[in-house]
There are 2 protein chains.
Amino acid sequence: MAASAGPEIERLISLLAKLPGMGPRSARRAALALLKRREQLLVPLAASLVETADKVVNCSVCGSPDTRDPCSVCSDQSRDNALICVVEEAGALWAMERSGAFRGKYHVLGGLLSALDGVGPEQLRIAELIGRVKGGEMGGGEAREVVLALPATVDGQTTAHYLAERLSAAGVQVTSLARGVPVGGELDWLDDGTIIQALRARRPA
Amino acid sequence: MAASAGPEIERLISLLAKLPGMGPRSARRAALALLKRREQLLVPLAASLVETADKVVNCSVCGSPDTRDPCSVCSDQSRDNALICVVEEAGALWAMERSGAFRGKYHVLGGLLSALDGVGPEQLRIAELIGRVKGGEMGGGEAREVVLALPATVDGQTTAHYLAERLSAAGVQVTSLARGVPVGGELDWLDDGTIIQALRARRPA
């Protein structure tokens, strides 16, 4: 027994412990902080999670989570529709947006190809990407360039090679972020300056 | 802007960042994990927080958070009513319970005396403690011994000295956990073995 304060608090602690970076001890401390700061933290966080669960959907165009569909980026008329940046997850999209260096649209794959984990092309949003590039009813016209902003890991580069082949066959220019992304690094943890440089020096895949 | 995915997600991230051990980056990762594992994590955590906010109250006897009032420890007839362990917060109570070495009741002060932070005796549950020791209508008979399990910090020891004086005047034996608690350490972070030894070697305050 972790807390001796009833099954509800036990359950809260075990759920908090599943968050990235949390373990049983930090989850207990977090639960304690929530119980102590009931009106300032527990009640608002509960309401915020309920609202997020209710309102947030994945954008039907790019796949990123937002309260609007199409999402705020896809709906932004000032952005370049013919330039699509492919990312693994929304975290990478957020990191790109924080850098302020990209004014095109995005496409969230929802993962990476992985033979080890049994993830094939059909588990990712690759068909939707090809559809957008070819100019279906949703994507808003054909794409001129696809920038692959995938992690510099084995799975990331496998996915990049696969996409480069498929996309080139569809007749679009395919580029990828310049070396400058540290090997083994994930986009969400990069500083903005590195992202800006890597985007400026992007090269054919 | 931290996430570019609507004000709801921004708000969720800023609330998660207030949890102990979390910062803006880890809060973004936590939010992302929640959005990705919607059914397994986001929805259950939202429900758990709502339930905790609804059901958990501070026990009217000892002050610890529980879904029952009196709490499960205070309602446990097999525990020694005449032995009361005084702790700063519920986290210390949970740590004592995990050690399995204490079979009395608890009293949660809700903080420590602190001249610097302007916390005086009237901000803590000290009057309730004196009432329980003297044997009011709630406490269930007079106490034989009060064990002070307060942190070995300046504020913790100031509080212990103050309580020892007040409680001795009320005619109860006052002990405190043996040295063995590391100086500057907080009870919630101790290993069970140290807690057991410190409890066994408790001495007059």
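## Fold and interface of a two-chain predicted model

Among contacts in chain A (heavy atoms within 4.5 Å) between residues at least 6 apart in sequence, 53% link residues at least 24 apart. This is a predicted model, in which local features need pLDDT of at least 70, side-chain atom pairs count only at pLDDT 80 or more, and totals for chains, interfaces and linings use all residues. Residues are numbered from 1 along each chain as its sequence is written, chains are lettered from A and ligands numbered from 1 in the order in which they are written, and side-chain values use heavy atoms, with hydrogens and water left out.

### Chain A

Chain A contains seven helices and seven strands. Helices (H or I, at least four residues) and strands (E, at least two) are DSSP runs, numbered from the N terminus. Along the sequence of chain A, these elements follow the pattern α-α-α-β-β-β-α-β-α-β-α-β-α-β. Taken along the principal axes, the box filled by the C-alpha atoms of chain A is roughly 60 × 35 × 35 Å.

Of the 205 residues of chain A, 53% are classed as buried. Here, buried means under 20% relative accessible area, exposed over 50%, and partly exposed in between (1.4 Å probe, protein chains only).

One buried residue of chain A is A152(A), with a relative accessible area of 10%. A152(A) is found in the loop between β5 (145–148) and α6 (154–169) of chain A. The C-alpha atoms of A152(A) and L187(A) are 8.8 Å apart in space, while the two residues are 35 apart in sequence.

### The interface between chains A and B

The contact draws 58 residues from chain A and 58 residues from chain B. Between them the two chains bury about 5,500 Å², of which 64% is on carbon and sulfur atoms. Buried area is the accessible area (1.4 Å probe) that two parts lose on being put together, summed over both.

Seven residue pairs, both members at pLDDT 80 or more, are in polar contact across the interface of chain A and chain B. A polar contact is a pair of N or O atoms within 3.5 Å; within protein, one must be able to donate a hydrogen and the other to accept it, and residues adjacent in sequence count only if both atoms are side-chain atoms. On the side of chain A that touches chain B, the elements giving two or more residues are α1 (7–16), α2 (24–36), α3 (38–55), β2 (65–66) and α4 (90–99) of chain A. The most comes from α3(A), with 14 residues. By class, this side of chain A has 33 nonpolar, eight polar and 17 charged residues. Ala, Val, Leu, Ile, Met, Phe, Trp, Tyr, Cys and Pro count as nonpolar, Asp, Glu, Lys and Arg as charged, and the others, Gly among them, as polar.

### Salt bridges

A salt bridge is a side-chain nitrogen of Lys or Arg within 4 Å of a carboxyl oxygen of Asp or Glu. The whole structure holds 16 salt bridges over all chains, and four are found across the interface of chain A and chain B. The table lists examples.

| Salt bridge | Closest N and O atoms |
|---|---|
| K55(A) and E8(B) | 3.8 Å |
| E97(A) and R79(A) | 2.5 Å |
| D76(B) and R79(B) | 3.6 Å |

E51(A) and K55(A) are four residues apart in helix α3 of chain A, and so are separated by about one helical turn. E51(A) is partly exposed at 29% relative accessible area, and K55(A) is partly exposed at 40%.

E97(A) forms its salt bridge with R79(A). Because E97(A) lies in helix α4 of chain A and R79(A) in the loop between β2 and β3 (80–87) of chain A, the pair ties together parts that are 18 residues apart in sequence. E97(A) is buried, with a relative accessible area of 18%, and R79(A) is buried at 7%.

In chain B, D76(B) is partly exposed, with a relative accessible area of 25%, whereas R79(B) is buried at 7%. In chain A, salt bridges that share partners join D76(A), R79(A), E97(A) and R103(A) into one network.

### Cis peptide bonds

Most peptide bonds are trans. The bond joining D69(A) and P70(A) is cis, with omega about 0°, and P70(A) is placed in the loop between β2 and β3 of chain A. In chain B, the peptide bond from D69(B) to P70(B) is cis, with omega near 0°. P70(B) is placed in the loop between β2 (65–66) and α4 (72–75) of chain B.
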